[in-house]
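Below is a short report on one structure.

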Amino acid sequence: MDVQAEAHCPICETPIRFDIRKTRLKGLTVPDSLLYVVELPTTTGRISVQCESTNLFDTKDCLDKWASNYHGRRGSIYAIEDYLRHRLAKTLN
């Protein structure tokens, strides 16, 4: 599925934009941005994302600052392109 996305770092509010076209990342405005994502297994064996605990950060410093006060479900940290590969691998298995 093709997607156009915009998020704001929850710490410094820097806008981060990107497109996904045919599973390829295009136009990422903050190349070093990091995604903290909480994935939950479903009864069908698929993975769902817990949106309220998933955030996109423009820098590792912002991620570290946020994580020092976060007490929710544990998640994983990915560069966006790495997360796309991760999800694609899960879909193919």
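Rings of Phe, Tyr and Trp (its six-membered ring) pair if their centres lie within 6.5 Å; planes under 30 degrees apart count as stacked, over 60 as edge-to-face and the rest as tilted. The model is predicted: local features need pLDDT of at least 70, side-chain atom pairs need pLDDT 80 or more, and totals for chains, interfaces and linings use all residues. Residues are numbered from 1 along each chain as its sequence is written, and side-chain values use heavy atoms, without hydrogens or water.

The whole structure holds five aromatic pairs.

Tyr36, Phe57, Trp66 and Tyr70 form one aromatic cluster. Trp66 has a relative accessible area of 14%, so Trp66 is buried (under 20%; exposed is over 50%, partly exposed in between; 1.4 Å probe, protein chains only). Phe57 is buried too.

**Ser33.** This residue sits in the loop between strand S3 (24–26) and strand S4 (34–37); strands are DSSP runs of E, at least two residues, numbered from the N terminus. Ser33 is buried, at 1% relative accessibility. A polar atom of its side chain lies 2.9 Å from the backbone oxygen of Val30. Beyond neighbours within four places in sequence, Ser33 has contacts (heavy atoms within 4.5 Å) with residues including Ile16, Phe57 and Tyr78.

Notes
Helices (H or I, at least four residues) and strands (E, at least two) are DSSP runs, numbered from the N terminus. A polar contact is a pair of N or O atoms within 3.5 Å; within protein, one must be able to donate a hydrogen and the other to accept it, and residues adjacent in sequence count only if both atoms are side-chain atoms.
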